[in-house]
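Please load the model in your viewer and keep the selection panel open.

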Amino acid sequence: MGLPLVFLAYVVAFGAAVLGCAVGVRRALGVADADTRRGLVGVVAGSGGWALFELAFLVAPSAFLKYVAYDLSLVVGLSTVGAWLYFCSAYTGRSFHREPRYRHAAVATYVSIVAVKLTNHVHGLYFTTTAVDAPFPHLAIQHGTIHWLVAGLSYALVAVGFFMLFELFLEADYDTRPLGALVGVTALPVALDVVGFASPLLVDINYEPLGVAAFALGVLYVYEEEFLAVQLTNGVDDAVVYLDGADRIREYNGRARDLFAALDGATGERFDDVLPETAETLGDDHPVVARAVDGETRYYLVTDTSFSLGQSDIGRMVVFSDVTRTERKRRELERQNDQLEGFAAAIRHELLNTLQIIGGRVTVAGNALDRGNVEAARESLRTASETTDRMSGIVEDLSVLARHGKTLEDTERVDFRAAVADAWADADVGDLSLSVEGDADVVADPTRVRELLASAFAFAAHNGASEVTVERGDDWFAVAGDGRPPGDADPEAFFEYGSAVPDSEAGILLPNVRMLAAVHGWSASLDTDYEDGVRVVVTGTGSVSRPGDD
């Protein structure tokens with residue numbers, strides 16, 4: 001007579017649980033965190049032993065061996081409760097598993113309950129057995145009151161572990177639904193226990209090892225990146241992207257998705273295809289990327305490290321750490337250093353130029369006196385004096401700019417048209433005409449933005465313009481003069497202190513424009529497509545509507 005199919009199904013199910021737990025233990029031994037590894041190995045190994053004794057209970061050839069196997073399954077199964085709590089505490093970053101009082105209480109409780117279980121054959125208070133033939137020959141278990149008290153305590157403690165895990169999953173900045181479902185699978189066999197106790201549809205034994213085996217295989221082989229990601233970034237506020245061994249995107253948290261919209265739906269794609277500039281940054285000496293967040297530019301240090309299970313690297317973790325404050329300071333120091341170098345170059349240039357002029361004029365004056373031409377000598381000496389005064393003025397201007405060259409901390413809403421009018425009044429523009437297009441306000445330092453515009457106007461006048469046009473756009477403004485066009489000159493040369501483009505007297509004006517733009521976080525450049533003169537464009541200014549425009 002062949003074995004009933006239902007018996008074979010039980011044997012296959014518990015045999016698979018034993019095999020699954022054995023495979024899971026091997027993988028769990030590679031978990032990096034020591035406490036998590038110990039707890040997880042304890043849960044999986046204990047459940048594997050539990051399933052093995054349940055399997056022995058089913059296939060043992062005698063009632064005595066079945067009884068012993070079931071008794072031992074209860075002893076091993078109870079150990080998984082402690083291992084489960086240890087794992088949940090370690091995985092979620094808690095310290096309950098390290099507390100001596102909890103550990104001592106757990107050991108004492110376990111030993112007491114095990115003593116009751118192992119002496120059950122004497123008192124029979126934990127369970128009794130009866131030989132039955134349906135649905136196949138086996139020992140039917142009738143649990144006593146002590147069993148249900150222990151079961152209630154066990155389920156309550158297991159529920160504490162579930163709470164710790166689900167709390168972490170809810171707080172994690174990932175899609176943790178697959179992990180939540182796997183944790184739920186470990187609780188599903190409780191329903192089978194209830195059905196087995198309350199009806200003849202199932203044999204009344206413990207089905208929990210089946211759920212634990214499914215959980216172990218799921219978190220250690222199917223969702224290993226997610227399992228590690230949630231633990232690794234518990235309490236971490238940085239954006240994180242996980243890549244597999246082929247640099248394909250496997251997982252990312254919500255902060256990463258907020259920083260990089262291209263990540264949404266990009267799972268399975270190569271990282272350097274989705275974020276090429278960021279991937280390239282990883283190889284830089286200074287791997288920092290800039291992102292617009294809530295209307296401001298923030299800076300993130302990009303670092304990566306491999307993560308593994310066992311001896312095998314299974315991917316890389318790319319972390320974006322917000323270093324905005326530090327990077328702004330670094331850029332400010334770098335800009336100030338460049339500015340100081342520019343000031344030094346300007347002063348050196350002006351000094352040499354002044355000395356040459358003065359020396360030449362004094363020589364001319366001497367020659368004129370030798371010829372008895374007092375008027376020519378006086379004129380040459382007057383020119384030398386004016387050159388000296390001009391040099392003093394330039395040095396004074398540079399010292400003022402040095403004071404104004406620090407990055408701004410306090411700004412305010414400035415009426416742009418009013419700032420243009422004030423700057424026009426300050427600048428030496430002669431008989432130039434002015435037209436203004438656009439009237440959106442700008443958030444800036446009033447004094448500095450006025451000086452910026454005045455320097456641009458002075459340059460236009462010096463460059464031979466007859467008309468100056470100021471335009472205000474959504475995120476920019478421009479000052480255009482119809483004077484001499486740049487021609488073949490390098491556009492950047494116009495912004496170098498002391499440069500002779502277009503001549504030495506104008507060498508400080510456009511550098512002032514760029515420097516005063518930089519202290520606001522703006523950028524200044526020449527419009528190389530403009531052919532009717534010189535057009536200076538300042539970008540990054542933002543657009544602030546005038547009151548009442550809405």
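Is D35 buried or exposed? Select D35 to begin: with a relative accessibility of 9%, D35 counts as buried, where buried stands for under 20% relative accessible area, exposed for over 50% and partly exposed for what is in between, with a 1.4 Å probe and protein chains only. What you have open is a predicted model, in which local features need pLDDT of at least 70 and side-chain atom pairs count only at pLDDT 80 or more, while totals for chains, interfaces and linings use all residues. Residues are numbered from 1 along each chain as its sequence is written, and side-chain values use heavy atoms, with hydrogens and water left out.

**Salt bridges**

Helices (H or I, at least four residues) and strands (E, at least two) are DSSP runs, numbered from the N terminus. Over the whole structure, a search finds 15 salt bridges.

Next, select D304 and R316, which form a salt bridge with their closest N and O atoms 2.3 Å apart. D304 lies in strand β6 (residues 296-309) and R316 in strand β7 (residues 312-322), so this pair ties together parts that are 12 residues apart in sequence. D304 is partly exposed, with a relative accessible area of 35%.

Then move to R450 and D426, whose side chains meet in a salt bridge at 3.1 Å, N to O. Here R450 lies in helix α16 and D426 in helix α15 (residues 416-426), so the pair ties together parts that are 24 residues apart in sequence. The two ends fall into separate classes: R450 is partly exposed at 26%, whereas D426, at 53% relative accessibility, counts as exposed.

**Backbone details**

Most residues other than glycine have a negative phi, and most peptide bonds are trans. With that in mind, select A134 and P135, which are joined by a cis peptide bond with omega of about -5°; P135 is found in the loop between β1 (127-132) and β2 (138-143). D247 is the next stop, with a positive phi of about 60° although it is not a glycine. D247 lies in the loop between β3 (239-244) and β4 (249-252) and, at 23% relative accessibility, counts as partly exposed.

From there, go to G283, in the loop between α12 (276-281) and β5 (288-293), where G283 is exposed with a relative accessible area of 64%. If you draw a C-alpha to C-alpha distance from G283 to V302, the value is 9.8 Å, for residues that are 19 apart in sequence.

**A surface patch**

Select L19, V23, L217 and Y221, which make a nonpolar surface patch of about 320 Å². Such patches are made of residues with over 30% relative accessible area and no salt bridge, with like charges joined within 9 Å and nonpolar side chains (Val, Leu, Ile, Met, Phe, Trp, Tyr) within 5 Å; the areas come from the Shrake-Rupley method with a 1.4 Å probe, and for residues only the protein chains shown count as cover. The elements that give two or more residues to this patch are α1 (5-28) and α8 (208-222). L217, in helix α8, is partly exposed at 32%.

**Cavity and pocket**

On a 1 Å grid over the protein atoms alone, a cavity is a set of points where a 1.4 Å probe fits but cannot get out, and a pocket is an open set with protein on both sides within 12 Å along at least five of seven lines; lining residues have an atom within 4 Å of a point. Grid points are joined across faces, edges and corners, and a volume is the space filled by probe spheres set on the points.

The whole structure holds three cavities of 30 Å³ or more, and the largest cavity has about 60 Å³ of space. To see its lining, select residues including F459, N463, D482 and V536.

For the second largest pocket, with a volume of about 700 Å³, select G82, L85, Y102, A106 and L157, which lie nearest its centre among 23 lining residues. Helix α4 gives the most to this lining, with eight residues.

Methods:
A salt bridge is a side-chain nitrogen of Lys or Arg within 4 Å of a carboxyl oxygen of Asp or Glu.
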